[in-house]
Amino acid sequence: MKKIDNFKLEHFDNGIAIYQSDNYYKFTQDAILLAKFCNIKHSDNVLELCAGSGVISFYAYSLSPFNRLYFNEIQPEMCEIIEENIKFNNFKRKCKIFNCNLKDLHLSDFSKNLDVIICNPPYQKVNDLSLINEKREIALARHEIEATLEDIIKKSSELLKDKGRLYMVHIASRVTEIAVLCAKYGMEVKLMKFIFNGDKDAYLVLIEAVKGAKSGVRVLKN
């Protein structure tokens, strides 16, 4: 593995450990909340889009093991970290990494349509790239530079089998946009959970959207 400055291993109580670097966008509590929200079956084949270090899928697997795990991440340095995490957690025979823009993924890349897609996407739209003053690695994780919310939902619909599930965390202010885009691409939001910080308004929303499902959504208590 190429040298990554400030490279360290973070251990979780459930036995999973994840490498990450201070030079790249680090996972936050959003990732753990999403991993716990996912409902994944033992036989499921799972793809994580915008995977970063892969923490969401690794953590979700530790809670409820599943069949096969795919990662998609556009940054090659992050793919190296995913590879190290696969080795450290002994997942080598269960995983495959796609180092590409998610728009370049196709059904032929997988043995069959996927059961589950997980995504913690960039939250912020991009109106003017010149206003983004973060280093590119961090900007890619925070802003819709390489893939928009619509790109993610459209691609998820293409890759999921009928009744396949998309699990996503996003900022609460974009929940209407998420629901509209899901409907546009044959997905139905079936489950939502808003995340609050004290007595303030909700700042995050956890989403389960199902391909080809009937309309009707449940909203879980915080």
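Two strands count as paired if DSSP finds at least two bridges between them. With that in hand, take strand E8 (residues 187-196) and strand E9 (residues 202-211) of this predicted model: they pair in the antiparallel sense over nine bridges. Lys193, for instance, has Leu206 as its bridge partner in E9. E8 and E9 form a hairpin with five residues between them, and Gly198 in that turn shows a positive phi of about 65°. E8 also pairs with E10, this time running parallel and joined by three bridges. There, Leu191 has Arg218 as its bridge partner in E10.

**The whole chain**

Let's step back for a moment. The protein chain has six helices and 10 strands. Of its 222 residues, buried ones make up 50%. The chain exposes about 11,100 Å², with carbon and sulfur atoms supplying 48% of that area. If you take the contacts between residues at least 6 apart in sequence, 67% join residues at least 24 apart.

**The sheet and the helices on it**

Strands of a sheet pair through backbone hydrogen bonds, either parallel or antiparallel. Here, eight strands build an open sheet in the order E5-E4-E3-E6-E7-E9-E8-E10, and the pairing is mixed. Which strands sit at the edges? They are strand E5 (95-98) and strand E10 (218-220), each pairing on one side only. On average, neighbouring strands of this sheet are turned by 15° against each other, direction ignored.

Towards the E5 end of that order, strand E3 (residues 45-49) and strand E4 (residues 68-72) pair in the parallel sense over four bridges. Glu48 has Phe71 as its bridge partner in E4. Helix H2 (residues 55-63) packs on the sheet, where it touches E3, E4 and strand E6 (114-119). The direction of H2 makes about 165° with that of E4. Helix H3 (residues 76-88) packs on the sheet too, touching E4 and E5, and its direction makes about 175° with that of E5.

Asn89 has its place in the loop between H3 and E5. Is Asn89 buried or exposed? With 10% relative accessibility, under the 20% cut-off, Asn89 counts as buried. Leaving aside residues up to four places away in sequence, Asn89 touches Gly15, Ile16, Ala17, Ile18 and Phe58.

**Aromatic rings**

The structure holds 10 aromatic pairs.

Phe12 is buried, with a relative accessible area of 16%, and Tyr59 counts as buried at 11%.

In soluble globular proteins, nonpolar side chains tend to be buried together. The largest nonpolar core in this model has 36 residues, and those touching the most other members are Phe12, Leu34, Ile40, Val55, Phe71, Phe91 and Ile118. Helix H1 (29-37), H2, E4, H3, E6, strand E7 (160-171), E8 and E9 each supply at least two residues of this core. Which element gives the largest share? That is H2, with six residues. Another core lies apart from this one; it has 30 residues, among them Leu47, Cys100, Phe110 and Leu181.

Ile118 deserves a look of its own. Not counting residues up to four places away in sequence, Ile118 touches Leu34, Cys38, Ile40, Val46, Leu47, Glu48, Leu49, Ile56, Ser57 and Tyr167. One of these is Glu48, the residue bridged to Phe71 in E4. Leu34 and Ile40 are also on that list, and both are among the core members with the most contacts to other members.

Technical notes:
Residues are numbered from 1 along each chain as its sequence is written. This is a predicted model: local features need pLDDT of at least 70, side-chain atom pairs count only at pLDDT 80 or more; totals for chains, interfaces and linings use all residues. Side-chain values use heavy atoms; hydrogens and water are left out. Axes are lines fitted to C-alpha atoms, for helices over the stretch in contact, and angles run from 0 to 180 degrees between N-to-C directions. Contact means heavy atoms within 4.5 Å. Buried means under 20% relative accessible area, exposed over 50%, partly exposed in between (1.4 Å probe, protein chains only). Accessible areas come from the Shrake-Rupley method with a 1.4 Å probe; for residues, only the protein chains shown count as cover. Rings of Phe, Tyr and Trp (its six-membered ring) pair if their centres lie within 6.5 Å; planes under 30 degrees apart count as stacked, over 60 as edge-to-face and the rest as tilted. A nonpolar core is a set of buried Ala, Val, Leu, Ile, Met, Phe, Trp, Tyr and Cys residues joined through side-chain atoms within 4.5 Å.
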